[in-house]
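Please read the numbered points below with the model open alongside.

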Amino acid sequence: MFSEFLADQGLNLQHVFELSTLPQTMTAALAADIAPYRQLLLLGHGGRRLWQVISTVAVETDDPIDDFTVQLVHRYFQSDHPRASYKILYPGDTQVSLQRLGELAGWHSASPFMLGINHDWGSWFAYRALVLADTSLTPDQAITLSSPCSACEHRDCIRSCPASALDHGQFDLEACSRFRLEPDSDCAYQCLARNQCPVKPEHRYSDEQIRYHYGRSLAMIRQYRRR
C-alpha cells in the first residue's frame, strides 16, 4: 500500500505496476497515453469505508463516487508527488480492462454472478481509479491465491438466483435484466445471489450503498431497453 491517506479515505486497495512488466496487449491499449509515464496505479475500495467517507463530506454530484475518487487522486499527487506528471485513465473511457489488471494484481477471481471475488473482501469491492504516473513507487507483487469459488461446495449464489440466470454455467444477462425489470422484483435494487455468497459477508455494503449501485444499473438497463 503506497498511500495511507488514500486508504483512510476508502481507497484501501492499491497496486503499483511497472509499465515495462505489463503484457504487450495491455501496453498496446495504452500506446497513445504511455509517454512520459513509468508506472500504472490501480486503486479500488473494499468494504464500506469509501461510502461512509463520501456520506460525511456530502458530494452532491450526479456521480459522487467517481467524482470524489478523482478529487482524492488529485489531492494525493499534490501532497505526495507535487512535481510528478500523471494522467487519470479511469474514471473515464479507458481501453484497459480493470478486471484483467485486477487478475494480474491478484485481487480478482471470476464468480458465477458476474462480479469479481476478492479473498479479503468477497464481492464487496470495486475498481475506482487507474492512473498513469512518472512516479518511482515500489512495484507490488501479485497476490497468488486460488479462487474462493473453487472451494465453495454449496454454490448458494446459484441456487438463490430467482431469475435462474446462473443455472447453466454462464451468466445469463438477459434473464437477469428481464427479472430485475419485473414489477416489485426482489432483485431491482439488490442481487440475491450476491447476498448469499459466503465469502467475507462481514464486508457487505450498507443497504443504502447497495440500493445506490443497483439503482444506477437498473437505470442503465431501462435506458438500453428503450433504444
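Into which domains is the protein divided?

1. Domains. The model under discussion is predicted. The protein consists of domain 1, covering residues 4–133, and domain 2, covering residues 156–226. Their C-alpha centres are 24 Å apart. Contact between them involves 24 residues of domain 1 and 22 residues of domain 2.

2. Position of the largest pocket. This pocket has a volume of about 1,500 Å³. Its lining is made up of 47 residues, and those closest to its centre are M114, L115, H213, Y214 and S217. Because domain 1 and domain 2 both contribute residues to the lining, the largest pocket lies between them.

3. Elements around the largest pocket. At least two lining residues come from each of the following: helix 4 (64–80), helix 5 (98–105), strand 6 (125–133), helix 7 (173–180), helix 8 (192–195) and helix 9 (207–226). Helix 9 provides the largest share, with 9 residues.

4. Sorted by class, the residues lining the largest pocket comprise 29 nonpolar, 10 polar and 8 charged ones.

5. The second largest pocket. Here the volume is about 180 Å³. The pocket is lined by 13 residues, of which M1, L13, Q14, W107 and I143 are the closest to its centre. Strand 1, residues 13–18, gives the most to this lining, namely 3 residues. By class, the lining of the second largest pocket has 6 nonpolar, 5 polar and 2 charged residues.

6. Strand 6 and its partners. Is strand 6 mostly covered or mostly uncovered? Strand 6 is mostly covered, with 9 of its 9 residues buried. Strand 6 pairs in the antiparallel sense with strand 2 (residues 39–46) over 8 bridges. Strand 3 (residues 86–90) also pairs with strand 6 in the antiparallel sense, over 4 bridges.

7. Tyrosine 189. Y189 is found in the loop between helix 7 and helix 8. Leaving aside residues up to four places away in sequence, Y189 touches I210, R211, Y214, G215, L218 and R222. One of these, Y214, is among the residues closest to the centre of the largest pocket. Y189 and Q209 are 20 residues apart in sequence, while their C-alpha atoms are 10 Å apart in space.

8. Serine 177. Is S177 buried or exposed? S177, which lies in helix 7, has a relative accessibility of 7% and therefore counts as buried. With residues up to four places away in sequence left out, S177 touches I221 and R225.

9. For a reader new to the model, the place to begin is the largest pocket, which lies between domain 1 and domain 2.

Terms used
Residues are numbered from 1 along each chain as its sequence is written. This is a predicted model: local features need pLDDT of at least 70, side-chain atom pairs count only at pLDDT 80 or more; totals for chains, interfaces and linings use all residues. Side-chain values use heavy atoms; hydrogens and water are left out. On a 1 Å grid over the protein atoms alone, a cavity is a set of points where a 1.4 Å probe fits but cannot get out, and a pocket is an open set with protein on both sides within 12 Å along at least five of seven lines; lining residues have an atom within 4 Å of a point. Grid points are joined across faces, edges and corners, and a volume is the space filled by probe spheres set on the points. Ala, Val, Leu, Ile, Met, Phe, Trp, Tyr, Cys and Pro count as nonpolar, Asp, Glu, Lys and Arg as charged, and the others, Gly among them, as polar. Domain bounds come from an automatic or database domain assignment. Contact means heavy atoms within 4.5 Å. Buried means under 20% relative accessible area, exposed over 50%, partly exposed in between (1.4 Å probe, protein chains only). Two strands pair if DSSP finds at least two bridges between them.
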